[in-house]
Amino acid sequence: MTDGLERPGVRADEHAPKTPCWSCGSCGDEWPCATKRTRLLAEYGGDRAMLSVYLGSCLAAATEDLRAAPVMSLQDRFIGWLPRGSRRSCS
């Protein structure tokens, strides 16, 4: 579901978030939707730290917009899906 407005620089299939509801502007699912998650993983490649920073900033903004939503559910939605990296031991 979209609001019918074209945003400069945003393609219709980009799966960008619509704020303040934080739904996907392309498919209407909660953002980040499954398609956007796949695209973010490909875009950031192996740089899980930078992807976490980006999604953390989105989480902070969404927490302000979605004040009634449980914080843990927002954390799961925005960063809980990230693949876990292997931990390196300090020797």
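Two salt bridges were found in a search of the whole structure, a salt bridge being a side-chain nitrogen of Lys or Arg within 4 Å of a carboxyl oxygen of Asp or Glu. The model is predicted, so local features need pLDDT of at least 70, side-chain atom pairs count only at pLDDT 80 or more, and totals for chains, interfaces and linings use all residues. Residues are numbered from 1 along each chain as its sequence is written, and side-chain values use heavy atoms, with hydrogens and water left out.

Arg-77 pairs with Glu-30, with the closest N and O atoms 3.8 Å apart. Arg-77 lies in helix 3 and Glu-30 in the loop between strand 2 (23–24) and helix 1 (34–44), 47 residues apart. Helices (H or I, at least four residues) and strands (E, at least two) are DSSP runs, numbered from the N terminus. Arg-77 is buried at 12% relative accessible area; Glu-30 is exposed at 53%. Buried means under 20%, exposed over 50%, and partly exposed in between (1.4 Å probe, protein chains only). Glu-64 and Arg-67 form a salt bridge at 2.7 Å, N to O.

The largest nonpolar core has 15 residues. Such a core joins buried Ala, Val, Leu, Ile, Met, Phe, Trp, Tyr and Cys residues through side-chain atoms within 4.5 Å. Helix 2 (48–65) gives the largest share, five residues. Trp-81 is among the residues with the most contacts inside the core.

No disulfides were counted, a disulfide being a pair of cysteine sulfur atoms within 2.5 Å. For Cys-33, the nearest cysteine sulfur, that of Cys-24, is 3.8 Å away. Cys-33 is buried, at 2% relative accessibility.
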